[in-house]
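Student: Could you walk me through this model? I would like to go from the sheet to the core and then to the side chains.

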Amino acid sequence: MRFLGTDRDCGPILELAQLQRQLKLGAPVTDGIVETIAVAQIVGTAHRAGDFDACFKPLHATLKKRIEEIQHAAPSAMDEPIDVIRVDRAYFVSDGHKRVAIARTTG
């Protein structure tokens with residue numbers, strides 16, 4: 001599914017649980033470390049594959065509208081940390097999907 005009004009199809013987002021089943025990975029380890037990561041290292045989601053494509057563009061009009069509202073009304077929200085699960089050098093978002101979507105859009 002494509003983001004409304006775009007001509008680029010990013011394909012489906014990677015979902016951690018699906019990869020764990022396919023690759024027979026063990027349970028993820030969350031270590032509670034706070035660090036800065038590059039947005040490009042965020043490759044998927046822990047549980048919202050039905051809401052975003054692989055470019056973190058929302059798949060539903062209501063979600064698109066909510067992201068736009070956050071972007072315009074609360075730019076300070078971008079300073080809030082997100083929760084991710086690390087697998088090797090890639091990250092899967094657990095909390096903060098909308099902030100990642102805004103970061104991807106705004107660079």
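Student: In what sense do strand E1 and E2 pair, and over how many bridges?

Tutor: Before that, a word on the basis: this is a predicted model, in which local features need pLDDT of at least 70 and side-chain atom pairs count only at pLDDT 80 or more, while totals for chains, interfaces and linings use all residues. Residues are numbered from 1 along each chain as its sequence is written, and side-chain values use heavy atoms, with hydrogens and water left out. Strand E1 (residues 14–15) and E2 pair in the parallel sense over two bridges, where strands (E, at least two residues) and helices (H or I, at least four) are DSSP runs numbered from the N terminus, and two strands pair if DSSP finds at least two bridges between them. Leucine 14 has glycine 44 as its bridge partner in E2.

Student: And what is the strand order in the whole sheet?

Tutor: The sheet is open, with four strands in the order E1-E2-E4-E3 and mixed pairing. Its edge strands are E1 and strand E3 (83–87), each of which pairs on one side only. E2 and strand E4 (residues 90–95) pair in the parallel sense over three bridges; in E4, tyrosine 91 is the bridge partner of isoleucine 42, and valine 93 is that of threonine 45.

Student: Which strands does H3 touch?

Tutor: H3 packs on the sheet and touches E2 and E4, its direction making about 130° with that of E4; here contact means heavy atoms within 4.5 Å, and the angle, on a scale from 0 to 180 degrees, is taken between N-to-C directions of lines fitted to C-alpha atoms, for helices over the stretch in contact.

Student: Back to threonine 45, is it buried or exposed?

Tutor: Threonine 45 counts as buried because its relative accessibility is 0%; buried means under 20% relative accessible area, exposed over 50%, and partly exposed in between, with a 1.4 Å probe and protein chains only. Its side chain makes a polar contact of 2.6 Å with the side chain of histidine 97, a polar contact being a pair of N or O atoms within 3.5 Å, where within protein one must be able to donate a hydrogen and the other to accept it, and residues adjacent in sequence count only if both atoms are side-chain atoms.

Student: How many residues has the largest nonpolar core?

Tutor: That core has 13 residues, and Phe52, Phe56 and Val93 are among those with the most contacts inside it. A nonpolar core is a set of buried Ala, Val, Leu, Ile, Met, Phe, Trp, Tyr and Cys residues joined through side-chain atoms within 4.5 Å. Helix H2 (61–73), E4 and helix H3 (97–106) are the elements that give two or more residues to this core. Apart from it lies another core of five residues, including Leu16 and Phe92.

Student: New topic: which cysteines form a disulfide?

Tutor: Cysteine 10 and cysteine 55 do, with sulfur atoms 1.9 Å apart, and the whole structure holds one disulfide, meaning a pair of cysteine sulfur atoms within 2.5 Å. The link is left-handed, with -95° about the S-S bond.
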